[in-house]
Amino acid sequence: MAVKKFVVGYFEDEPELFAGVKKIRSAGYKIHDVYTPMPIHGLDKAMGLRDTSLHTAGFIYGITGTTTALSGIGWIFNSDWPINFGGKSHFDLPAWIPITFELTVLFSAVGMVMTFCYLCNLAPFVRKHHFNLRSTDDQFTVVLELTAKSNEGEIQAFLASIGAKGINTQVAESGWWLGRYDKDKTPIGTSLA
Amino acid sequence: MSSIKEHFEIPGRFKQWSLGLMGVGILSLIIGFIMYGNVDHGTRFWATLLQNSVYFLLIVNAAMFFICATTLAWGGFQMTFRRVTEAISISVIPIGIITFIILMCIVVGGKETIYEWLNRDHVAHDEILKGKSGFLSPTFFTVWSILTIGLWIVLGMKMRSLSRSIDNTPLTIEQGKKYMFNNTVWAAIYIVWFALTVASVTPWLWLMSIDAHWFSTMYSWYTFASSFVSGMALITLFVIYLKNKGYLELVNEEHLHDLGKFQFAFSIFWTYLWFAQFMLTWYANISEETIYFKPRLIGAYTGIFYLNLIINFLAPLLIYMSRNAKRNYATVTFMSILIIFGHWLDFYQMVFPHHYPDHVPMNLFDFGIALGFVGLIMWRTGLALAKYPLLARNHPFLKESIIHHT
């Protein structure tokens, strides 16, 4: 994983965050991510994120479940082990519907949870760098990536000009690594400010 | 809010269409009466009137249910188009009266071919019908129908007048809280009455008693789901129409998305109830119960039976699934019309197989009567929309609806 340099600024309030994010984007800086204490309506639009494809994945998992159930039950009751249940035919669609429904829901639900965890790098022992611990409490943190073209001092001055309350620069792992929170510290994440 | 057009003027074409459709309805009524009125005790004639009047009464009444349910849930998203739902619910008054007249013609007029429990000699020799005779009697039927339609009208008027009462008086926060509480109480009373009527007793009386020996406890829920999903489709159509004409500036794709979600969700809910009713009967395979499904599933009505499932389940499921479809005015318009037609067909196959097990007697007469009711709904709702402001401008939740975002 790549170690990169980030400029971090935090805002105290939601409206300031929205205005800030808009100004950062129109100024052309690259937003690495925004960390907030709670989900915020419309922030994804303000950040210019594309719509998630999680629901498409969910649909695919769902029809996989439907197919699994129908072909599984169909095979069992028609060729593997045909049993006469109260004189009903072997190809007995209404009786299969509840199980088909359950498997559709099960596949799409479990599949979407796993996909979500994968996309967000959530798993036991997977660690990510925290830019600002108080973004789980009461601060709205904006993280900008320092690229070859951008200048650290300039970005810090810019963040100050749009009303960020605290500004610092951090060198951190941009992805995830394995470890445990109580034992190891961030390998690089040293706050410079 | 001076830029908002609050007063709807009925366009000439809307008026012509509604009057024209009502004309078609009246013409069909006359021709139908001449053709079928005295043939075979008028079964064909009265069954068509019964199916159409009950169906259209239940879907306009679903608009008032929508208002009360969202009020109870303290929902805000519907506030920008709330006046449209209120206008639709006014149609409960004329259609309710028409339905009541039709029901009385059948019951007091002793149309025994429609409701077999009207025949006293027959009931006296039938143990099952004798056991039900307290419930399935002209007296109970009449009293319950008066109460059903009367209280829908009265409670609906109360909800509408509450909504209009603050049009010219901006509320303070304290008054707003009191206002909301008052609304909640009346909405709760309506919902309780709705539960006792549409969600339980009334469909048993009006529709299920056609097959007097057979019963299903799911029946009323299933009827309710049918009428609610087509009621949502009706609301959506009016909202889109007004939006097209340049009214309802505050309604946008977010509101359309939620209306689409309602149609999607309740289509699935309808299917769930439909299937639950069907599967238990099919599984147990007792002849007293399967008699209801026999003409529908493997008789003359097979085509309608499967078409019903395709229109009301598969089509909404596949077409409404994606977010973009629910935010597209053309798709939603098409699906709303399809759903209203689909559930009309559903009601058709609730009523007719008992009287005509061997063939489907559907022809232009049925469609003519249906179009007459459509015209009546358009006419009454149009008048109501033109009479009152289109925006509930002082409602405490209006802002929530304007900034609504899904």
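Helix α9 of chain B is largely enclosed by the rest of the structure, because 22 of its 26 residues are buried. The helix covers residues 219-244, and its end C-alpha atoms are 38 Å apart in this predicted model. Just after α9(B), B:G246 adopts a positive phi of about 95°.

Chain B as a whole contains 16 helices and zero strands. Its radius of gyration is 22 Å, close to the 22 Å given by the globule rule for 406 residues, so chain B is as compact as a globular protein of that length. Along the principal axes, the C-alpha atoms of chain B fill a box of roughly 70 × 45 × 40 Å. Buried residues account for 43% of the 406 residues of the chain. Of the contacts in chain B between residues at least 6 apart in sequence, 83% join residues at least 24 apart. The average pLDDT of chain B is 93, and 100% of the residues score at least 70.

B:S28 belongs to helix α1 of chain B, which comprises residues 12-36. The residue counts as buried because it has 21 C-beta neighbours inside 10 Å, the threshold being 20 or more.

Chain A contains five helices and seven strands. Along the sequence, these elements follow the pattern β-α-β-α-α-α-β-β-α-β-β-β. The radius of gyration of chain A is 25 Å, whereas the globule rule gives 16 Å for 193 residues; the value is well over that expectation, so chain A is more spread out than a compact globule. The C-alpha atoms of chain A fill a box of roughly 80 × 35 × 30 Å, taken along the principal axes. Of the 193 residues in chain A, 17% are buried. Among contacts in chain A between residues at least 6 apart in sequence, those joining residues at least 24 apart make up 79%.

The domain assignment divides chain A into domain 1, formed by the segments 3-50 and 126-191, and domain 2, formed by residues 54-119. The centres of domain 1 and domain 2 of chain A, taken over C-alpha atoms, are separated by 44 Å.

Contacts between the two chains were also examined. Six residues of chain B are in contact with five residues of chain A. On the side of chain B that touches chain A, five residues are nonpolar and one is polar, with no charged residues. For the model, the ipTM is 0.80 and the pTM is 0.89.

Key
Residues numbered from 1 in each chain as written. Chains lettered and ligands numbered in written order. Predicted model: local features only at pLDDT ≥ 70, side-chain atom pairs only at ≥ 80, totals over all residues. Helix = DSSP H or I, 4+ residues; strand = E, 2+ residues; numbered from the N terminus. Buried ≥ 20, exposed ≤ 12 C-beta atoms within 10 Å, placed from the backbone. Contact = placed C-beta atoms within 7 Å. Nonpolar A, V, L, I, M, F, W, Y, C, P; charged D, E, K, R; others polar. Expected span 1.5 Å × (residues − 1). Rg over C-alpha atoms; globule rule 2.2 N^0.38 Å. Domains from an automatic or database assignment. pLDDT = per-residue confidence, 0-100.
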